[in-house]
Amino acid sequence: DWQEFDRARDEYCGKACTLHTGTSFVEACVEAGLTRDPDTGEPYFGRMDTFVSYTWRGEGITLANLVAAVEATLVADPGVADPAAAACFVDVFVCAQHRGVRPGSGTCPNATDVDKFEEVIDACARLVLYATPITQPKALSRVWCLFELMSAVKRDRPVLIALSAEDRAELRRLLLEDFDRLVAMFTTIKSENAEATVAADRDMIFGWIERDLGAAGFR
């Protein structure tokens, strides 16, 4: 968590690996020449075509689970011609995690990258929303995810829902055995209850949503 970051404790996390560059994890890898699998020659990075909207906050939400759910979703969707070639935008890797101001330019690395989200979504062919747990998707309680979802819909980009194997089983059960509960869950979500790690982000994003959707927004 950015508020509790400690390099001594988290020396192998993405932020620790990029302290010396002040850039994103991907940029640091490119700068170090770490761009291809040494055994197969396959590139690690490519031109992004899939925007992944997700949150780390929540029990059971891990990078491994996120990757597995996104991969399964891309493979299952007939609109994705070559799932293996899909290049995903995952902000924790592509955006600088440093919020301090650069002394030379007076810019914030994180803010500079985050300001490009709309451009990235515009360039992507699809958005994948990691909706776990299915009974109360954590992503829908985060204002950044709501903004990303709105940006994709506004651009007519298809939105794919990524679910874990457990969530898929639970969704199937709800559809067959408890459909009313499923309807109730998704018709009582209130966007005004969505949160952001940084309070200023919440105000800024709701301003964007009101700008594009009107005063009622998602509500």
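Helices (H or I, at least four residues) and strands (E, at least two) are DSSP runs numbered from the N terminus.

This is a predicted model, in which local features need pLDDT of at least 70 and side-chain atom pairs count only at pLDDT 80 or more, while totals for chains, interfaces and linings use all residues. Residues are numbered from 1 along each chain as its sequence is written, and side-chain values use heavy atoms, with hydrogens and water left out.

I looked at α7 and found 10 of its 12 residues buried, so the helix is largely enclosed by the rest of the structure. Among the buried ones are W144, F147 and M150. I then checked what covers them: the list includes β1 (50-53), α5, α6, β3, β4 (159-162) and α10, with contact meaning heavy atoms within 4.5 Å.

Next, the nonpolar core (buried Ala, Val, Leu, Ile, Met, Phe, Trp, Tyr and Cys residues joined through side-chain atoms within 4.5 Å). The largest has 26 residues, and F51, F117, W144 and I205 have the most contacts inside it. Its largest share, eight residues, comes from α7. Leaving out residues up to four places away in sequence, W144 touches V114, F117, D201, M204, I205 and W208. I also noted a second, separate core of 13 residues, including Y54 and V128.

Last, I checked N110 in helix α5 (residues 109-114). N110 counts as buried because its relative accessibility is 11%.

Key:
Buried < 20%, exposed > 50% of the residue type's maximum accessible area, 1.4 Å probe, protein only.
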